[in-house]
Amino acid sequence: MAVELDVFVGNTTIMDEEVYQLWLDGYTVNDAVKVRMAGGVLDECEANQDVLLSDTMDQYRTFQMCERLLQSPAKLANQLLFQIPPHRQTMLIERYYAFDDSFVREVLGKKLSKGTKKDLDDIGAKTGVTLKSCRRQFDNFKRVFKVVEELKGPLVENIRQHFLLSDKLARDYAAIVFFANNRFETGKKKLQYLTFQDFAFCAGQLINNWTVGAVDNMVEDMDVDLDKEFLQELKELKVLITDKDLLDQHKSLVCTALRGKTKAFTEMEANFKNLSRGLVNIATKLTNTKDVRDFFIDLVEKFIEPCRSDRWTSADVKLYLTHYTNSAHILDSFKHQAVWDRYMGVIKSCIFKMYHD
């Protein structure tokens with residue numbers, strides 16, 4: 001019996017984006033087949049379940065063979081085994097290094113070690129992310145951390161160049177590396193309302209303004225470690241709360257500027273000294289490693305919670321912090337303006353981001 005066959009020969013590696021995502025999400029071949037069937041792929045292709053199973057297995061094998069290259073993205077462009085167009089390579093890399101915000105939120109600030117890796121079962125159960133996907137994401141964080149740890153130069157740029165990631169994803173990875181290095185506490189109950197993107201924004205502010213790299217962009221570990229000299233200089237700000245005349249003068253200037261501009265004025269005036277002590281004390285303690293770790297808890301406890309309990313709006317917080325920062329420039333005997341601006345610029349930005357109405 002004669003059978004007619006249409007044969008097509010090509011050398012471009014066929015990759016289905018939907019199947020790739022299922023593989024990344026940790027689905028087994030059988031589960032991936034069920035998802036594809038539910039999506040109506042059999043009707044579209046006029047194929048049966050056996051063909052679909054075979055196709056899915058074939059694609060999974062291809063992805064597994066590519067994984068070694070995806071772990072060193074620069075190799076993907078220079079290999080000859082798979083003929084993958086450049087735009088496809090970009091998609092494969094970007095998706096391989098993408099992560100679930102719910103997952104990263106659980107490991108943010110923790111040591112990227114075997115101890116944390118043992119907890120991935122529990123994290124997967126809590127977040128609904130499969131264990132396989134948790135492992136991929138965790139291993140990616142660890143890999144990026146290890147590579148950039150040895151490099152000089154800007155952190156975001158190093159990540160972008162070595163892993164060929166988009167600017168947005170490179171910045172997110174920079175935040176993860178920065179948090180892992182400084183071990184910021186993010187898991188306490190008071191901080192649960194904050195999202196990964198809230199923390200990533202704050203990490204960007206700290207990296208751009210408080211690290212050694214903010215001053216000199218070709219030093220060792222420049223964007224990972226906080227500038228110790230700057231942290232030492234922050235102790236000079238203590239005068240704003242220990243000198244009674246200066247504290248009273250600062251309060252008077254801020255209250256004069258705020259009067260008539262907000263409904264929360266009475267609370268702002270009554271709480272000025274407590275709030276100022278809170279912000280200045282955070283600054284003066286940052287030479288201690290433990291206080292660096294507690295930076296976000298301190299911002300919430302010393303400033304955000306008191307303002308929340310007095311029902312300040314986000315606009316009130318912006319107004320207050322703007323005048324609080326600017327009024328220090330008018331204080332005659334206050335001589336640490338540059339340090340003050342470098343400190344308060346970051347504090348303002350972080351609080352604005354962290355203050356959810």
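Mentor: Start with a charge over a ring: Lys318 lies over the face of Phe352, 5.4 Å from the ring centre. Keep in mind that this is a predicted model.

Trainee: And what does Arg308 lie over?
Mentor: The face of Tyr193. Arg308 is at 4.5 Å from that ring centre.

Trainee: Now ring against ring. How many aromatic pairs does a search of the whole structure find?
Mentor: The search finds 29. Take Phe178 and Phe184: their ring centres are 5.7 Å apart and their planes meet at 40 degrees, so the pair is tilted. Planes have to be under 30 degrees apart to count as stacked, and over 60 for edge-to-face.

Trainee: Is Phe178 buried or exposed?
Mentor: Buried, at 0% relative accessibility. Phe184 is buried too, with a relative accessible area of 2%.

Trainee: What about Phe179 and Phe184?
Mentor: They form a tilted pair as well, 5.0 Å centre to centre with 55 degrees between the planes. Both of those residues are buried.

Trainee: Which residues do ring pairs link into a cluster there?
Mentor: Phe178, Phe179, Phe184, Phe199, Trp210, Phe230, Phe295, Phe296 and Tyr343.

Trainee: Switching topic. How many helices and strands does the protein have?
Mentor: 21 helices and zero strands.

Trainee: Pick one. Which residues of helix 9 are buried?
Mentor: Helix 9 covers residues 120–127, and its buried residues are Leu120, Ile123 and Gly124. Seen down the helix axis, they fall within an arc of 100 degrees, so they line one face.

Trainee: What does the face turned away from the buried side of helix 9 carry?
Mentor: The exposed residues Asp122, Ala125 and Lys126. Cover for the buried residues includes helix 7 (101–107), helix 8 (114–118) and helix 10 (131–149).

Trainee: And what follows helix 9?
Mentor: Gly128, with a positive phi near 80 degrees.

Trainee: Last one, overall shape. What is the radius of gyration of the protein?
Mentor: 26 Å, whereas a compact globule of 357 residues would come near 21 Å. The C-alpha trace spans about 105 × 45 × 35 Å along its principal axes.

Trainee: How much of the protein is buried?
Mentor: Buried residues make up 45% of the 357. The accessible surface is about 18,300 Å², and 51% of that belongs to carbon and sulfur atoms.

Definitions and conventions: Residues are numbered from 1 along each chain as its sequence is written. This is a predicted model: local features need pLDDT of at least 70, side-chain atom pairs count only at pLDDT 80 or more; totals for chains, interfaces and linings use all residues. Side-chain values use heavy atoms; hydrogens and water are left out. Rings of Phe, Tyr and Trp (its six-membered ring) pair if their centres lie within 6.5 Å; planes under 30 degrees apart count as stacked, over 60 as edge-to-face and the rest as tilted. Buried means under 20% relative accessible area, exposed over 50%, partly exposed in between (1.4 Å probe, protein chains only). A charge sits over a ring if NZ of Lys or CZ of Arg is within 6 Å of the ring centre and within 35 degrees of the ring normal. Helices (H or I, at least four residues) and strands (E, at least two) are DSSP runs, numbered from the N terminus. The radius of gyration is taken over C-alpha atoms; the globule rule is 2.2 Å times the number of residues to the power 0.38. Accessible areas come from the Shrake-Rupley method with a 1.4 Å probe; for residues, only the protein chains shown count as cover. The arc is that of the directions from the helix axis to the C-beta atoms. Contact means heavy atoms within 4.5 Å.
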